[in-house]
Amino acid sequence: MDDLFASAREDAGGASTGAPLAVRMRPRTLDEVVGQQHLLGPGAPLRRLVEGLDGRAGPPSVILWGPPGTGKTTLAHVISRGAGGAGSSHRFVEMSAITAGVRDVRRAMEEARDARDVLGRRTVLFLDEVHRFTKAQQDVLLPGVEQRWVVLVAATTENPSFSVVAPLLSRSLLLTLRGLDDADVAALLRRAVADPRGLAGEVGIADEALDHLVRLAGGDARRALTSLEAAAGVVGGTGVITLADAERAVDAAVVRYDRDGDQHYDVASALIKSLRGSDVDAALHYLARMLEAGEDPRFVARRLVISASEDVGMADPTALVTAVAAAQAVALVGMPEGRIVLAQAVVHLATAPKSNAAYLAVDAAIGDVRAGRGG
């Protein structure tokens, strides 16, 4: 039975050479997946799911929640292949909630039921951007998931507790994907440079250029591979990608910033001193440098909370309220929107009147206690 929807089935030979690098380098087995080890280790949920695809009862449907470029589509393809990686015994149907409607979903469910009952083939239905479906559209999925006509793999970048209907959540396994760390992205880029499906070793990459692409990726594997492909185009498909080539390809100058070294603390100190000196422009400049260099926004938020009490204090008690709210908001919404929240807090702290009276007073009190003046 032919799939009537956009199917991204890939054979062992991989995608065509004309496909984007991110598609050509899509892992075919769990062992090729980079990152997400909390879901892929021995006995972890995704590994059990893939290995159980050929089981009699079949695996449950899953909802993959995570930021872009963390492997949601990739994992759906891997799940469709099962543990062996061949993918010959399962149908894989890919749909997007952006373009699909109720009629499309119903037709997919009917075809999946017929494929199971007539052909004995299980269908893996990958539904991207499931949060864009209305409640009525999501309800159409329920019979197929309940009767296991399909193994639904739904992907979303939004919190499923708010964007997915409760009946679908209760019938699915919710798995949270994390952004890739720098080591994972670097390993992925090196693999793409050498792999025959990627650049096949025809293009090399300097360490500085690799570090630049890793930093700009921000944990997004797709963005990293797209940037690498653009950089390879700059050097003409052969040669070595230099830092200058990488900067030209992604139109972003390298930011000199070592998150684990002196610059991490020097720039953070410059931000605090700018706040203390009520220099709004300088404070926003150092904030931008930290964020563009890939600094953890939670670290920035914590520094702002300290500054709100240490430098502003009782001269404007609402500064602490703003800083704490900013820290909570950054944890809630993440980046890149978190930059707006942090900028608001920076402007508030820089323009607020300053008082370190509370800071000096508590240190004086502590000094008395340590000196034995407890009476």
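In this predicted model, 45% of the 375 residues of the protein count as buried. The secondary structure comes to 18 helices and seven strands, and of the contacts with a separation of 6 or more, 75% are between residues 24 or more positions apart.

In soluble globular proteins, nonpolar side chains tend to be buried together. The largest nonpolar core here has 28 residues, of which Val185, Leu189, Ile205, Leu225, Leu228 and Ile241 touch the most other members.

If neighbours within four places in sequence are left aside, Ile205 is in contact with Val193, Leu210, Leu213, Leu228, Val240 and Ile241. Another core, of 25 residues, lies apart from the largest one and includes Val267, Ala268, Ala301 and Ala319.

Helix 10 also packs with helix 12, which covers residues 243-250, at an angle of about 30 degrees and with the axes 7 Å apart. Because angles under 35 degrees count as roughly parallel, helix 10 is roughly parallel to helix 12. The crossing of helix 10 and helix 12 is right-handed. In this pair, Glu208, Ala209, His212, Leu213 and Leu216 of helix 10 meet Leu243, Ala246, Glu247 and Val250 of helix 12, and by class the contact has six nonpolar, one polar and two charged residues.

Methods
Residues are numbered from 1 along each chain as its sequence is written. This is a predicted model: local features need pLDDT of at least 70, side-chain atom pairs count only at pLDDT 80 or more; totals for chains, interfaces and linings use all residues. Side-chain values use heavy atoms; hydrogens and water are left out. A nonpolar core is a set of buried Ala, Val, Leu, Ile, Met, Phe, Trp, Tyr and Cys residues joined through side-chain atoms within 4.5 Å. Buried means under 20% relative accessible area, exposed over 50%, partly exposed in between (1.4 Å probe, protein chains only). Contact means heavy atoms within 4.5 Å. Axes are lines fitted to C-alpha atoms, for helices over the stretch in contact, and angles run from 0 to 180 degrees between N-to-C directions. Helices (H or I, at least four residues) and strands (E, at least two) are DSSP runs, numbered from the N terminus. Angles under 35 degrees count as roughly parallel, over 145 as roughly antiparallel, 65 to 115 as roughly perpendicular and the rest as oblique. A crossing is left-handed if the near helix is turned anticlockwise from the far one by less than a right angle, and right-handed if clockwise. Ala, Val, Leu, Ile, Met, Phe, Trp, Tyr, Cys and Pro count as nonpolar, Asp, Glu, Lys and Arg as charged, and the others, Gly among them, as polar.
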